[in-house]
Amino acid sequence: MELVFLFATVAAVFVSFVDGAGYLQIRPPSLNQCCYEDINDAHFSYERDFCEGPKYWCKVHPCWTTCGSQRRQSPINININETSYKSFSRLKFDNINTRVLATIKNNGHAPDFDVHEEFDDEITLCNLHVHLGRDENKGSEHAINNIFKPMEAHMVFYDSEYDDVGEAKPKKNGLVVISVMIEVCGKSKENNECGVHGSCKVRFAKKLSKLMEKYYEKVRQYPLESINPNSWDFIDLLSKKSCSNNNCGRTPSPDFIEERCEKEEQNDRSFRVTEGITPLDVLPYDTHRFYTYAGSLTTPPCYETVQWVVYKCPIKVSSKAFRMLQLVEDSHLDPLTKFGVRRPLQKNKKVVVYRNFKIDNEKRLYCN
Ligand SMILES: [Zn+2]
């Protein structure tokens with residue numbers, strides 16, 4: 001099987017449907033409501049023990065019941081010794097040198113780069129975002145041999161057979177997410193172009209660092225005007241009754257998804273990323289070796305429709321870029337480090353993770 005990534009994108013329409021650290025779900029902070037009738041009111045949190053926290057996402061809204069599945073939920077720990085070798089060819093990116101138009105917004109959970117350009121291609125890049133944690137060294141969602149990294153970048157692609165990512169998202173094989181682990185440069189090593197980490201040559205992602213430094217500053221403050229107090233009147237306080245939703249683990253039917261689960265577009269404040277983006281900004285030095293498995297979105301609705309590609313080798317960004325991400329505010333005006341932006345590891349009954357490289361053939365790669 002050859003995965004061919006061709007670059008393209010969609011017009012602005014999909015913006016509020018992206019995966020990842022990705023949904024804008026604003027709620028009045030004081031209501032502490034934990035389940036909702038209307039998907040447009042539904043809200044999730046990364047606060048561990050809170051009733052809207054990761055353990056309870058499946059109960060918050062009937063559209064999110066898949067979050068309680070144990071079939072193929074993400075993220076996971078990739079235990080290298082349990083992976084199976086399969087000879088995938090190297091991922092092929094077309095138009096890789098073309099920078100595509102993008103905007104950035106603070107979605108209330110994290111800053112999102114959204115792509116706004118369309119090519120006539122097979123798979124469309126629509127979103128780039130970066131996860132981080134409460135603990136500086138544990139911010140990635142995936143782990144490799146139980147080792148986490150400070151951050152993890154996700155590039156979200158959808159099958160161009162669909163009109164937009166919202167349509168592709170619930171469909172089987174609708175999405176591909178490429179994941180790259182991110183380390184932080186030591187202050188004194190910021191100009192160091194590469195380092196060696198195990199068998200990986202670690203690329204300093206200079207352009208990504210610049211984008212993070214410049215644009216996370218712009219979206220640091222959560223735009224209060226995007227909270228529409230009028231909509232709060234419609235939240236039915238009595239809907240707490242429906243918190244007994246115990247369909248956790250089931251996937252809603254396609255009809256249900258179509259009727260109940262599509263959110264209205266949010267009126268986000270976004271900024272133009274004048275230089276555009278390309279996956280080259282994010283890809284590691286070694287693009288030959290990766291893991292791949294069939295998983296899910298890591299935010300509600302947690303649909304099990306994502307083919308994950310997790311690169312073996314990390315990149316690193318400047319410490320300033322890391323700091324700018326840490327300072328971004330969530331929809332409760334807390335810095336993202338308060339609860340982190342990462343779903344805990346999922347325990348699936350059986351997920352096969354493939355690697356496209358032979359472990360005993362690994363060569364050490366050194367900086368020149
Ligand atoms: Zn993500």
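Biologist: Let me start with a pair of helices: is the crossing in which H3 passes H6 left-handed or right-handed?

Modeller: The general idea is that a crossing is left-handed if the near helix is turned anticlockwise from the far one by less than a right angle, and right-handed if clockwise. Here H3 passes H6 in a left-handed crossing. Before going on, please note that this is a predicted model, in which local features need pLDDT of at least 70 and side-chain atom pairs count only at pLDDT 80 or more, while totals for chains, interfaces and linings use all residues. Residues are numbered from 1 along each chain, as its sequence is written.

Biologist: At what angle do H3 and H6 pack, and how far apart are their axes?

Modeller: Axes are lines fitted to C-alpha atoms, for helices over the stretch in contact, and angles run from 0 to 180 degrees between N-to-C directions. The angle between H3 and H6 is about 30°, and their axes are 8 Å apart. H3 is therefore roughly parallel to H6, given that angles under 35 degrees count as roughly parallel, over 145 as roughly antiparallel, 65 to 115 as roughly perpendicular and the rest as oblique.

Biologist: Which residues in H3 and H6 meet?

Modeller: Two residues are in contact if their C-beta atoms, placed from the backbone, lie within 7 Å. On the H3 side these are Ser209, Met212, Glu213, Tyr216 and Glu217, which meet Lys320, Ala321, Met324 and Leu325 in H6.

Biologist: How many helices and strands does the secondary structure of the chain come to?

Modeller: Helices (H or I, at least four residues) and strands (E, at least two) are DSSP runs, numbered from the N terminus. The chain has six helices and 17 strands.

Biologist: Which residues of helix H6 are buried?

Modeller: A residue is buried if 20 or more other C-beta atoms lie within 10 Å of its own, exposed if 12 or fewer, and partly exposed in between, with C-beta atoms placed from the backbone. In H6, which covers residues 319-327, the buried ones are Ala321, Phe322, Met324 and Leu325. They fall within an arc of 160° when H6 is seen down its axis, so they line one face of the helix; the arc is that of the directions from the helix axis to the C-beta atoms. In general, an α-helix has 3.6 residues a turn, so residues three or four places apart point the same way. What covers the buried residues of H6 includes strands S7, S9, S10 and S16 as well as helix H3. Arginine 323 is also found in H6, but it counts as partly exposed because it has 13 C-beta neighbours inside 10 Å.

Biologist: How many residues has the largest nonpolar core?

Modeller: A nonpolar core is a set of buried Ala, Val, Leu, Ile, Met, Phe, Trp, Tyr and Cys residues joined through C-beta atoms within 7 Å. The largest one here has 83 residues, and those with the most contacts inside it include Met212 and Leu325. Strand S10, residues 175-184, gives the most to this core, with eight residues. Leucine 325 touches Val130, Leu132, Met212, Tyr216 and Leu336, leaving out residues up to four places away in sequence.

Biologist: What is valine 184 in contact with, leaving aside its neighbours within four places in sequence?

Modeller: Valine 184 lies in strand S10 and counts as buried, because it has 22 C-beta neighbours inside 10 Å. Apart from those sequence neighbours, it is in contact with Pro150, Lys316, Val317, Ser319 and Phe322.

Biologist: Is the peptide bond from serine 74 to proline 75 cis or trans?

Modeller: That bond is cis, with omega near 5°. Serine 74 has its place in the loop between H1 and S2, and it counts as buried because it has 24 C-beta neighbours inside 10 Å. A cis peptide bond also joins proline 300 and proline 301, with omega about 10°, and proline 301 lies in the loop between S14 and S15.

Biologist: Is phi of cysteine 302 positive or negative?

Modeller: Its phi is near 55°, a positive value in a residue other than glycine. Cysteine 302 is found in the loop between S14 and S15 and counts as buried, because it has 29 C-beta neighbours inside 10 Å. Leucine 333, which is not a glycine, has a positive phi of about 65°; it is found in the loop between H6 and S17, and with 10 C-beta neighbours inside 10 Å it counts as exposed.
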